[in-house]
Every structure is written in structure tokens, then in C-alpha cells.
Amino acid sequence: MENGWMLITSRSVILMPLLSLHTEDKTFQSLSETQLISPTMFLLRFLSTFFTALIPDEDKKKLKAGTYDISMFKRGDLLEVPRTLFTHFGIYLGNNRVAHLIPDILPVISSDKSAISAMVTNNRLILGAIMKKASVRVDSVEDFAYGAEILVNSMDRVCSRPPLHGEEVARRAEKLTGSVDYSLLWFNCEHYVMFCRYGTSMSFQTYQFCKSVRKMVFSRTSSFLSLVMCVFITVFLGSVSVCGVLLMLIIPFTIWMAS
């Protein structure tokens with residue numbers, strides 16, 4: 001397995017988005033104002049990302065080959081499926097095949113290849129997200145997009161890194177197929193496609209989520225509310241001590257200074 005793939009799963013890289021929240025990530029410096037999402041809406045959007053294929057199973061069965069014009073896709077293209085609350089990503093491999101990372105519990109509990117190769121159901125997906133297990137699998141364009149609109153290489157306008165050659169992108173995507181560990185924040189479908197196409201593992205959705213959390217937690221309002229809560233707890237418990245007073249002051253002060 002390539003060194004680059006090993007690096008993206010290390011703790012040091014995993015913590016990078018949190019450590020760099022106070023600076024603008026140059027990778028996303030080309031974002032326009034119309035692409036920015038309000039903190040509340042983005043939290044709802046991001047926390048729903050593990051419902052990547054969350055549509056009724058009977059509706060999935062209605063999808064037929066030919067729903068999409070696959071002649072517009074080239075090998076190595078980054079396919080993006082925007083939904084109301086989330087976005088799912090995959091790499092087009094050619095011949096109506098898309099490699100994508102999706103939470104799936106079945107490979108962990110079963111070795112039945114025919115069952116595993118079937119389209120991931122809602123139950124499989126949700127349990128996989130909870131258990132932090134996923135698989136990089138190859139599905140048809142119809143099964144990947146499940147009826148939604150497909151955007152092609154839209155991340156090229158967002159990421160400051162130039163995309164790799166299409167054949168190299170597809171080769172990386174194919175090499176990484178199989179069971180992998182999953183993390184809603186630090187290793188999801190966007191991390192996978194970004195590594196394949198741009199050679200760097202990152203997630204715009206994770207970046208926006210962490211930014212939104214910081215704005216809500218490290219704010220003056222949060223500082224004031226934490227002070228009120230600390231005073232209330234101290235008075236309610238009736239345990240006024242030096243340590244209690246220091247704690248009551250340190251927590252709001254830290255949030256205040258970080259705001």
C-alpha cells in the first residue's frame with residue numbers, strides 16, 4: 001500500500017483540520033461566497049453524511065440501466081452527487097463503473113460475496129457508520145447515484161491542487177478497493193476521492209463542520225453562558241472552594257479568549 005495512503009490515516013494528519021481552524025486553508029481559498037453554508041445548515045448537512053444512500057430500498061430497485069448518459073464521463077473523473085443534507089463522491093473507472101467509499105457492516109459479519117456485492121441497503125449503511133466500518137466498492141453509475149444529479153469534477157474549481165492524470169486517478173481508486181475503517185469526520189467518501197484525484201486526503205465538508213463548531217462553541221455568547229452555568233452549579237451544589245472558583249473562571253475565560 002502506498003505511503004501516501006498510510007499517512008492520511010495517521011493521528012497527526014487526522015488532527016490537522018482541528019489544529020488549523022484559526023487559519024484559512026489555502027486549499028479552499030478559491031471558494032466563492034455563494035458556496036459558503038451557514039453553520040446551522042452545515043451541521044445538519046454534515047451530520048447526515050452517513051445516510052449517503054438513504055432512500056427507500058424499493059425506490060433503488062426502480063433504477064434501470066441507461067438512466068445516465070455515461071458517455072459524458074471519462075476514466076478518472078470525480079463524480080459528485082449532491083443531496084439535500086449531504087454530498088456523496090466517487091471516481092469513475094469506465095464501462096459504467098464507479099469506485100466509492102460507503103459505510104457497510106456486511107463485509108464484517110459475512111463472507112458471502114454475492115450478498116456483499118448487492119447494493120448497500122439503509123440498514124447496512126447505518127450499522128456500518130455506527131461501527132466505523134466501510135468498504136471501497138465498485139458499483140454501476142445508477143447504483144452509485146440512485147437517481148440524483150451527478151456533477152463532474154466540480155472539486156477542480158475548489159481545490160488549489162491540480163488533478164492527477166485520469167489514468168492515475170482511476171488506478172489509485174481501484175487499488176484501494178476493499179474493507180476500510182470509517183470515520184464520519186476524518187475518513188469518509190470525500191477523503192477517499194480527494195486522495196485519488198489530488199493526492200491529498202481532505203474533506204471540505206469536514207473543514208466546514210469544524211469551522212461551524214468553532215464559531216458556535218468559541219463565541220462570546222458561549223463564554224457568557226458557560227459563566228452563568230458554572231455560577232449556577234457552584235451555588236446549587238453549595239460547594240464554594242478555591243478550586244471551584246478557579247474552574248468557574250477558567251472555563252469561561254478560555255472560551256472568551258478563543259472567541
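**Entry 1: the annotated position.** I looked up the feature "active site" and found that UniProt, in an unreviewed entry, places it at Cys 189. UniProt positions are given in the numbering used here, feature names are shortened, and annotations may be inferred rather than shown by experiment. I note that this is a predicted model, in which local features need pLDDT of at least 70 and side-chain atom pairs count only at pLDDT 80 or more, while totals for chains, interfaces and linings use all residues. Residues are numbered from 1 along each chain as its sequence is written, and side-chain values use heavy atoms, with hydrogens and water left out.

Entry 2: I located Cys 189 in helix H11; helices (H or I, at least four residues) and strands (E, at least two) are DSSP runs, numbered from the N terminus. Cys 189 counts as buried because its relative accessibility is 7%; buried means under 20% relative accessible area, exposed over 50%, and partly exposed in between (1.4 Å probe, protein chains only). I then listed its contacts (heavy atoms within 4.5 Å). Leaving aside neighbours within four places in sequence, Cys 189 is in contact with Thr 87, His 88, Phe 89 and Leu 101.

**Entry 3: helix H11.** I checked residues 189-198 and found 10 of the 10 buried, so H11 is largely enclosed by the rest of the structure. Among the buried residues are Glu 190, His 191, Arg 197 and Tyr 198. At the start of H11, a side-chain oxygen of Asn 188 comes to within 2.9 Å of the backbone nitrogen of Glu 190. Just after H11, Gly 199 has a positive phi of about 75°.

**Entry 4: strand E2.** I found Gly 94 in strand E2, which spans residues 87-94. Gly 94 is buried because its relative accessibility is 11%.

**Entry 5: cysteines.** I searched for disulfides (pairs of cysteine sulfur atoms within 2.5 Å) and recorded 0 in the structure. Cys 159 is buried, with a relative accessible area of 5%. For Cys 210 I noted a relative accessible area of 5%, and this residue is buried as well.

**Entry 6: Thr 206.** I placed Thr 206 in helix H12, residues 204-217. Thr 206 counts as buried, at 1% relative accessibility. A polar atom of the Thr 206 side chain lies 2.6 Å from the backbone oxygen of Leu 185.

Note on methods. Polar contact = N/O pair within 3.5 Å; in protein donor to acceptor, adjacent residues only side chain to side chain.
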